[in-house]
Amino acid sequence: MAAAITLSGRGRGLSSPNPNVGCIVVRDGHVVGAGWTQAGGRPHAEAQALAQACDRAAGATAYVTLEPCFHLSPRGPRCADLLARARLARIVVAAQDPDPRTDGQSIAFLRAQGIVVETGLLAAEARDAMAGFFLRQTTGRPHVTLKLAVSLDGCIALADGRSRWITSAAARAHTHVERARHDAILVGSGTVRADAPRLDVRLPGLESRAPRRVMLGRSDPPDGWESITHPGAIADLSHVDHLLVEGGAQTAAAFLRADLVDRLLLYRAPILVGTGMAAIGDIGLLSLDAAHGHWRAIDTRMLGPDRLEVYGRIRNA
């Protein structure tokens, strides 16, 4: 299942409006089929894995990160039928699908076909890998990652606005990987006017995975850009399950004030700026007590001379 979850990451930022699912088919201890949801949502992971497995799927076990789809679609067959026709012996499902068109129905259908279905294996990890899909289904908005590149003293630029470069080439390359994993990337109108950012993916082999560009502000966006006037309007962005917010300070503050940040990427460079531009504007904090208990550390690693710290928002169930 862990391998299937890793495979699902290949579809993140590409598979919307469908979830980025991963699937592996195993027979007699050997992987005979593997797949992940392709760009635009089709083919589904299960269809890919079964096509690879061919007749070796009979009597095999399929590991799938999300309950197979049960609703009929003009875009292709439902995965519950494909799995039943493949005569699998066992299906292991990580997470149940929150979409009411499936939501347990596929599991019940497959069991009725005489297939052993087990659920819940690495469910939390699978939901994390498909966080955008789950948030869109449960809250109606995309999963939001806020990226900040700062000095040791919390600055994103010199006092006159110059910011190239706070972090090293290794950290910047990691940012481009993150861009490739998101459906859209957002900056404020001030950043658009001052920097005219490209917001593309400049890594060999990933150039085609540049996300859609979104501007936060009330002025007209440049050609090729979309715009929203307030953070809550991210819910209206079609086919966007994973949104990357890159700045600047007021945009970051606006999303934090609205409590719309689910994941924080903090790239910290070993430099001191002194009097410079702060990374985040006013977030409405009234006391230090109120600042605690909202974030949990997920990961930390070195990227060249810089340190990446990843935090997740703590939300009550």
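Predicted model: local features only at pLDDT ≥ 70, side-chain atom pairs only at ≥ 80, totals over all residues.
Q: Is L199 buried or exposed?
A: A residue counts as buried under 20% relative accessible area and as exposed over 50%. L199 has a relative accessible area of 4%.

Q: Is A196 buried or exposed?
A: A196 is placed in the loop between α8 and β9. The relative accessible area of A196 is 60%. Exposed residues are those over 50%, so A196 is exposed.

Q: How far apart in space are A196 and A129, C-alpha to C-alpha?
A: In sequence, 67 residues separate A196 from A129. In space, the C-alpha to C-alpha distance between A196 and A129 is 32 Å.

Q: Which residues does S189 contact, leaving aside its neighbours within four places in sequence?
A: S189 belongs to helix α8 (residues 189-195). With a relative accessible area of 14%, S189 is buried. Its contacts beyond those neighbours are M215, L216, G217 and S219.

Q: Which residues does E178 touch, not counting residues up to four places away in sequence?
A: E178 is part of helix α7. Its relative accessibility is 6%, and E178 therefore counts as buried. Beyond its sequence neighbours, E178 touches L244, R263, L265 and Y267.

Q: Why do the buried residues of α4 line one face of the helix?
A: In helix α4 (residues 105-112), the buried residues are S106, I107, F109 and L110. When α4 is seen down its axis, these buried residues line one face of the helix because they fall within an arc of 165°.

Q: Against which elements do the buried residues of α4 pack?
A: Helix α4 is followed by G114, which has a positive phi near 90°. The buried residues of α4 include F109 and L110. They pack against α3 (79-85), β4 (90-95) and β5 (116-119).

Q: Against which elements do the buried residues of α9 pack?
A: Helix α9 spans residues 249-257, and A249, T251, A252, A253, A254 and F255 are buried in it. The helix is followed by D259, whose phi is positive, near 55°. The buried residues of α9 pack against β6 (143-150), β7, β8 (184-188), β9, β11 (242-247) and β13 (276-278).

Q: Is C54 buried or exposed?
A: C54 has a positive phi of about 55° although it is not a glycine. C54 sits in the loop between α2 (45-53) and β3 (61-66). Its relative accessible area is 52%, and the cut-off is over 50%, so C54 is exposed.

Q: What is omega for the peptide bond from S16 to P17?
A: P17 is placed in the loop between α1 (2-8) and β1 (22-27). The peptide bond that leads from S16 to P17 is cis. Its omega is near 15°.

Q: What is omega for the peptide bond that joins R164 and W165?
A: W165 is in the loop between β7 (155-158) and α7 (169-180). The bond joining R164 to W165 is cis. Its omega is about -5°.

Q: What is the radius of gyration of the protein chain?
A: The secondary structure of the chain comes to nine helices and 15 strands. The globule rule gives 20 Å for 317 residues, and the value for the chain is close to this, so the chain is as compact as a globular protein of that length. The radius of gyration is 21 Å.

Q: What percentage of the residues of the protein chain count as buried?
A: Residues 24 or more positions apart account for 72% of the contacts with a separation of 6 or more. The chain exposes about 15000 Å², and carbon and sulfur atoms supply 53% of that area. Of the 317 residues, the share that counts as buried is 51%.

Q: How far apart do the centres of the positive and negative side chains lie?
A: The protein chain has 36 positive and 31 negative side chains. The centres of the two sets are separated by 3 Å.

Terms used. Residues numbered from 1 in each chain as written. Heavy atoms only, no water. Buried < 20%, exposed > 50% of the residue type's maximum accessible area, 1.4 Å probe, protein only. Helix = DSSP H or I, 4+ residues; strand = E, 2+ residues; numbered from the N terminus. Arc of directions from axis to C-beta. Contact = heavy atoms within 4.5 Å. Rg over C-alpha atoms; globule rule 2.2 N^0.38 Å. Areas by Shrake-Rupley, 256 points an atom, 1.4 Å probe, with all protein chains shown as cover. Lys, Arg positive; Asp, Glu negative; His and termini not counted. Charge placed at Lys NZ, Arg CZ, Asp CG, Glu CD.
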